[in-house]
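User: I would like to learn how to read a few features of a protein model. Please take me through them one by one.

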Amino acid sequence: MKVLRREEIWIHTHFVTDCAYLPDHSAREIRRKMDRVLDKLGIVFGIHFDARGDEGLRIVLECIPLPETMAEIESSLEKTIEPVPARPRRTHVEIEPPKRRNGAKRR
């Protein structure tokens with residue numbers, strides 16, 4: 001996954017990505033790593049994820065930091081999301097009831 005562009009909307013910073021689907025475990029990992037970066041920089045606001053229509057996933061920073069800090073946040077975010085696939089395979093699990101064997105007696 002990669003950041004396509006950055007948008008500043010009102011009091012938030014949106015990082016628009018090329019991601020079509022983000023599994024929960026990947027979202028937790030991104031949030032965990034970015035919380036550390038933001039904490040190190042003294043930023044008390046966090047991030048959240050926003051999927052809007054066909055644009056791709058947005059990672060929303062709930063503030064607009066100073067330019068030097070923004071550059072460090074964006075760099076850390078790009079390194080964090082780089083190994084995450086933009087279009088991971090979706091898995092579908094079906095559970096079938098157990099089948100009776102031939103000749104098995106019913107109780």
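User: What should I know about the model and its numbering?

Analyst: The model is predicted: local features need pLDDT of at least 70, side-chain atom pairs count only at pLDDT 80 or more, and totals for chains, interfaces and linings use all residues. Residues are numbered from 1 along each chain as its sequence is written, and side-chain values use heavy atoms, leaving out hydrogens and water.

User: Where is Thr 69 placed, and which residues does Thr 69 contact beyond its sequence neighbours?

Analyst: Helices (H or I, at least four residues) and strands (E, at least two) are DSSP runs, numbered from the N terminus. Thr 69 sits in helix H2. Contact means heavy atoms within 4.5 Å. Leaving aside neighbours within four places in sequence, Thr 69 contacts Leu 41 and Ile 43.

User: How do I read the sheet? What is the strand order?

Analyst: Two strands pair if DSSP finds at least two bridges between them. Here the sheet is open, with 4 strands in the order S1-S2-S4-S3 and antiparallel pairing. Strands S1 (3-9) and S3 (47-51) stand at the edges; each has a single partner strand, so one side of each lacks a neighbour in the sheet.

User: How many bridges join S1 to S2?

Analyst: There are 6 bridges between S1 and S2 (residues 12-17). Arg 5 stands opposite Val 16 in S2, and Ile 9 has His 12 in S2 as its bridge partner. Their hairpin has 2 residues between the strands, and Trp 10 takes a positive phi near 55° there.

User: Why is S2 called largely enclosed?

Analyst: In S2, 5 of the 6 residues are buried, so the rest of the structure largely encloses this strand. S2 also joins S4 through 4 bridges, running antiparallel. One of the pairs is Thr 13 with Leu 61 in S4.

User: And the core? Which residues have the most contacts inside it?

Analyst: A nonpolar core is a set of buried Ala, Val, Leu, Ile, Met, Phe, Trp, Tyr and Cys residues joined through side-chain atoms within 4.5 Å. The largest one has 21 residues, and Phe 15, Leu 22, Ile 30 and Leu 77 have the most contacts inside it. H1 (24-40), S4 (57-61) and H2 (67-81) each supply at least two of its residues. The largest share, 5 residues, comes from H1.

Technical notes: Buried means under 20% relative accessible area, exposed over 50%, partly exposed in between (1.4 Å probe, protein chains only).
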